[in-house]
Amino acid sequence: MSCFSRVIPGFLIGLCVLYQCSAFEVDTNQTAWLFVNASEASGRKIPETLFGVFFEEINHAGAGGLWAELVSNRGFEAGGPNTPSNIDPWSIIGNESSVVVSTDRSSCFDRNKVALRMDVLCDRDGANVCPVGGVGVYNPGFWGMNVEQGKKYKVVLYIRSLQSINISISLTGSNGLQMLATANIIAADVSNWTKTAILLEAKETNHNARLQLTTSRKGVVWFDQVSAMPLDTYKGHGFRKDLSTMLADLKPGFIRFPGTCVVFGDLVRKFDPIDITLGGCFVEGEWLRNAFRWKETVGPWEERPGHFGDVWMYWTDEGLGYFEFLQLAEDLGAAPVWVFNNGISHNDQVDTSSIVPFLQASHEGKEILDSLEFAKGAPDSAWGSVRTAMGHPEPFDLRYVAVGNEDCGKKNYRGNYLRFYDAIRHAYPDIKFISNCDGSTQQLDHPAHFYDYHVRYELSHFAACTFEISIVLQIYSDANTVFSLAHKFDHASRSGPKAFVSEYAVTGKDAGTGSLLAALAEAGFLIGLERNSDAVEMASYAPLFVNANDRRWNPDAIVFNSYQLYGTPSFWMQRFFSESNGGTLLNSTLQANSSSSLIASAIAWKNSEDNKNYLRIKIVNFGSNVVNLKISIDGMKQNTFQSLGSTKTVLTSSNLMDENSFKEPNKVAPIKSLIENAGVNMEEVLSPHSFTSFDLPIESTTLWIPRTDANSKSSI
């Protein structure tokens, strides 16, 4: 018998929307007029945080991705706390007559007791001679380690043996035959756990390399916490440089972490091609026992116990923890948005009457207040001193917290929220709160600075295999729906909590694995948010990253493997908005006989690279016809625009479903060209299905608006 005997209309509507095929209106009038009022009185400052990024540990985005650690399962904990255990992806070099590898609980680290025991049965001579190269174990990393000629790699490991040792630490090709770099650890006494660090310099390149620990000396050797990191990381803080640079190119106003994402999967799998499972969140967990616990992710990396993410079903060693997220935000010049667990997972939750240990005194400490003290406390405070010991005595600029994720419809959310709100507000009155509840259509019944315009669902208790479900898929939908949401906030309240559009993307058939069609619809939606930035404070695309070897969600903004990466059209679309944060929104009006396929905005901003002021006009042609666009700019003289430097940037392609790939990373990417005769009156041609940006340098600083945030970009 089906467990879905009753599904209410809201859910069916959502399914119909997701199955809707893309259909574009044919414009009969191919001329449009855009009027821009560039006078000082027309300008309204855009929030510094309007466009940001959202990171979740999904698709191996962090482990094997943004975090540059090359070793997978470096502490041998992924197989669980009981021994013997699975050591995957570690593998054995040699056979049972020469080496036996197992796990035991002999580690010197109290929170991660599992260590690797290697019994070497062969020797350099005698009856059982070790094979050439020795025996041992190797780790292939996350689908191969990227090792590049001339680059240096720091290998750190803990080792113990009752005999003297001679261990070779090597970076090799995937079959162990190509020697990329090697060094030996020779020691007479390692009877106690000993930390060893060596630096390897690669003499050749191999994008599918592995780390080997081998020996030809008989005896028993224990290994634990084996790490290999490239020395060349983003700002020296352990982040993969190429991926971090792509983030920096977006100039995000904020970074939301550690992961909150709607999951579509098992619950209504029968409704293919979409998968729907309710909830979905790294910070929540399927069960609270597997929720993200920030205290277990700070301090020395060797002492972090690791975490099985039971939503996305893989292990992380927590090298990328709470501290690293805060550090990444600082490195990007973005405001950190800390999403914390409010005592609710997908399958269990803490009653409000029992929530005190999560926020106030208990034997575990003041869980959430401690997290804020870690980020914001004085260097000599209890948790501020932990941060200081990690190399960051100055407080982080943490000003935003989200109380839970996608939990508004759950029994204890409002009660738990208020308890957290009261505790945090009294201790940290500068903190801004983000509620999971949607305030776009009705006023919130609890205090908040922002509401999360996200994915809402309600699920009744089930009996006799009967569910009652209501799902409103607000921003994960087909292209036409997402494009139409550009007007969602046109009539939203300008007082009270502002909207935080924490996750948006075109999904389903329209998106593929990252199509031009999806990017154009999202661009129209973001222009709508920009025009309504007095009602919307923040917006972020999701998901951000996908390792091509572990694609659990489509589409994503940035695709990578061990050594390659590319941005999907949605990534390039976001680049058009990288200058909007803190800029000046100008009043603009678009006129056309049929303008439903067009949407535009105009901003003024200052380029910190060339120290010039610019006027930027962005316009999406979501239709299938060429549009002759006439632009008229009021409030400026004809000679206001500099004679050189005006540019036109276009994102389009020959096919709406075109995507980028490792082979063609720039198949769909912006193309920039110079504009001749730029002025207050211009005529330009918009290609069908295109996103166009016009950037006009301004000699006058008439629109200058002073900035108060020293860490943010200048604007005009």
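Which residue is the bridge partner of Asn 37 in β30? In this predicted model, in which residues are numbered from 1 along each chain as its sequence is written, local features need pLDDT of at least 70 and side-chain atom pairs count only at pLDDT 80 or more, while totals for chains, interfaces and linings use all residues. Side-chain values use heavy atoms, with hydrogens and water left out.

The bridge partner of Asn 37 in β30 is Asn 587. Helices (H or I, at least four residues) and strands (E, at least two) are DSSP runs numbered from the N terminus, and two strands pair if DSSP finds at least two bridges between them. Strand β1 (residues 31–37) pairs antiparallel with strand β30 (residues 584–591) over five bridges, and β1 also pairs with strand β33 (residues 627–634), here in the parallel sense and over seven bridges.

An open sheet of three strands, in the order β27-β28-β29, has mixed pairing. Because β27 (545–547) and β29 (565–567) stand at the edges with a single partner strand each, one side of each is left without a neighbour in the sheet. Neighbouring strands of this sheet are turned by 20° against each other on average, direction ignored, where axes are lines fitted to C-alpha atoms, for helices over the stretch in contact, and angles run from 0 to 180 degrees between N-to-C directions. Strand β28 (residues 558–560) and β29 run antiparallel and are joined by three bridges, and the partner of Phe 560 in β29 is Leu 565. Helix α2 (residues 241–249) lies across β27, β28 and β29 and runs at about 15° to β29.

Elsewhere, helix α5 (residues 367–376) packs against helix α7 (residues 413–427) at an angle of about 35°, with the axes 10 Å apart. The contact (heavy atoms within 4.5 Å) is made by Ile 368, Leu 369 and Leu 372 of α5 together with Phe 420, Ala 423, Ile 424 and Ala 427 of α7. By class, the residues of this contact divide into seven nonpolar, no polar and no charged, with Ala, Val, Leu, Ile, Met, Phe, Trp, Tyr, Cys and Pro counted as nonpolar, Asp, Glu, Lys and Arg as charged, and the others, Gly among them, as polar.
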